[in-house]
Each structure stands twice: as structure tokens, then as C-alpha cells.
Amino acid sequence: MNTIDLTPLYRNSIGFDRLASLLDSALSSSTVSSGYPPYNIEALDENRYVISLAVAGFEKSDIDITVDRDLLIIKGSKPEDENRKYLYQGIAHRTFERKFDLAEHIEVSGAEMKNGLLKISLVKEIPEAMKPKEIPISDTGDAPQPSLDHQPETVDQAH
């Protein structure tokens with residue numbers, strides 16, 4: 001079992017708690033996944049992603065998709081059909097739950113199901129206030145912009 005001590009990260013940084021927790025959980029052996037259902041994560045471009053899950057045999061009504069803070073949870077459960085008697089059942093219809101940690105500003109924009117694939121669309125929407133701003137450089141011949149100088153407040157002595 002390999003473990004990495006993340007104490008220095010916690011000790012020397014502020015606001016990276018979630019990142020450290022993700023690294024810690026990814027490296028721990030207790031988070032073994034069953035591998036069902038299989039899935040792909042695809043980057044369509046810099047700000048758009050798609051998660052595709054192979055959910056053959058499931059109907060839309062059998063699947064729940066929720067987002068709780070920065071966690072995408074996909075659950076599927078198929079009701080048992082007691083009237084069927086299988087000689088061999090190779091198509092899995094078992095209950096599943098998949099969880100995906102979402103980075104800041106990643107939003108689920110939609111979901112669709114076609115040909116046994118559940119596709120969940122995600123988009124990275126950075127607020128305008130957090131986007132980089134370009135600062136224009138003025139020519140040397142331009143008049144300087146007025147600056148705001150700190151003026152001490154005068155105290156009214158007339159009591």
C-alpha cells in the first residue's frame with residue numbers, strides 16, 4: 001500500500017483542502033470501483049466535456065442524475081422482473097452508482113440517452129469577474145490619468 005503524506009500541503013497552503021482531499025482519496029485503496037457501468041470522459045474543447053456511460057437495458061426512468069455541490073452522482077436501478085427465467089444472463093442490469101468530482105465552475109448543462117449510452121454534458125463557466133482582463137497601455141504622450149490620493153479626514157473641533 002502506497003501512501004503519500006499530504007501534511008505539508010495542508011500546513012503551507014490555504015484553500016486547497018478539496019484538492020488535497022481528492023488526492024488523498026484517489027491514492028487510498030478503499031476507493032476501489034466495480035468498473036460498472038463502463039464510461040468515457042471526453043474533452044470536446046477547452047470548456048466543454050461529455051461523460052458517456054454504457055447503460056444498455058436501462059430506461060431513462062431507471063436513472064437518476066444529481067449534482068450536490070461539486071459532486072455529480074449517477075444512480076441506476078432496474079426493477080426485478082420476476083416473470084422472466086434466464087438460462088444465462090450476460091447483460092448486467094444491476095444497480096449502480098457512479099460519482100464524479102467536479103472542479104470549480106463546472107456545470108452540468110444536460111443529459112441525453114441514445115443507443116444504450118447516457119451522455120452527460122458539462123461546461124466550464126467562469127464568471128466574468130474571474131476572467132483575465134487585458135489592461136491597455138497608454139502612449140507616453142497621453143496626459144496622465146488623475147490618481148486618487150489619500151486625503152486625511154479633518155476632525156470637526158466645534159463642539
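In this predicted model, a search of the whole structure finds 4 salt bridges. One of them joins Asp-45 and Arg-48, with the closest N and O atoms 3.0 Å apart. Asp-45 has a relative accessible area of 37% and is partly exposed. Arg-48 is partly exposed too, at 40% relative accessibility.

A second bridge connects Asp-62 to Lys-78. Here the closest N and O atoms are 3.4 Å apart. This pair links distant parts of the chain, 16 residues apart. Asp-62 sits in the loop between strand S2 (48-54) and strand S3 (63-68). Lys-78 sits in the loop between strand S4 (71-76) and strand S5 (96-101). Asp-62 counts as buried because its relative accessibility, 11%, is under the 20% cut-off. Lys-78, at 22%, counts as partly exposed.

Glu-97 and Lys-99 form another salt bridge, again with the closest N and O atoms 3.4 Å apart. Glu-97 is partly exposed, with a relative accessible area of 42%. Shared partners join Lys-75, Glu-97 and Lys-99 into one network of salt bridges.

The strands also build a sheet. It is an open sheet of 4 strands, in the order S1-S2-S7-S6. The pairing is antiparallel. Strand S1 (39-45) and strand S6 (106-114) stand at the edges. Each has a single partner strand, so one side of each is left without a neighbour in the sheet. Neighbouring strands of this sheet are turned by 20° against each other on average, direction ignored. S1 and S2 pair over 6 bridges, in the antiparallel sense. In this pairing, Asn-40 has Ser-52 of S2 as its bridge partner.

Attention now turns to the interior. In soluble globular proteins, nonpolar side chains tend to be buried together. The largest nonpolar core of this model has 15 residues. Within this core, Leu-53, Leu-72 and Ile-74 touch the most other members. S2, S4, S5 and strand S7 (117-124) each supply at least two residues of the core. S7 gives the most, with 3 residues.

The contacts of Ile-74 show how parts of the chain meet. Residues up to four places away in sequence are not counted here. Ile-74 touches Leu-53, Ile-63, Asp-64 and Ile-65, among others.

Some backbone details lie in loops. A cis peptide bond joins Tyr-36 and Pro-37, with omega about -10°. Pro-37 belongs to the loop between helix H2 (17-27) and S1.

Two further residues have a positive phi without being glycine. For His-105, phi is about 70°. His-105 is found in the loop between S5 and S6. With a relative accessibility of 24%, His-105 counts as partly exposed. For Asn-115, phi is near 55°. Asn-115 has its place in the loop between S6 and S7. At 74% relative accessibility, Asn-115 counts as exposed, because the cut-off for that class is over 50%.

Technical notes: Residues are numbered from 1 along each chain as its sequence is written. This is a predicted model: local features need pLDDT of at least 70, side-chain atom pairs count only at pLDDT 80 or more; totals for chains, interfaces and linings use all residues. Side-chain values use heavy atoms; hydrogens and water are left out. A salt bridge is a side-chain nitrogen of Lys or Arg within 4 Å of a carboxyl oxygen of Asp or Glu. Buried means under 20% relative accessible area, exposed over 50%, partly exposed in between (1.4 Å probe, protein chains only). Two strands pair if DSSP finds at least two bridges between them. Axes are lines fitted to C-alpha atoms, for helices over the stretch in contact, and angles run from 0 to 180 degrees between N-to-C directions. A nonpolar core is a set of buried Ala, Val, Leu, Ile, Met, Phe, Trp, Tyr and Cys residues joined through side-chain atoms within 4.5 Å. Contact means heavy atoms within 4.5 Å.
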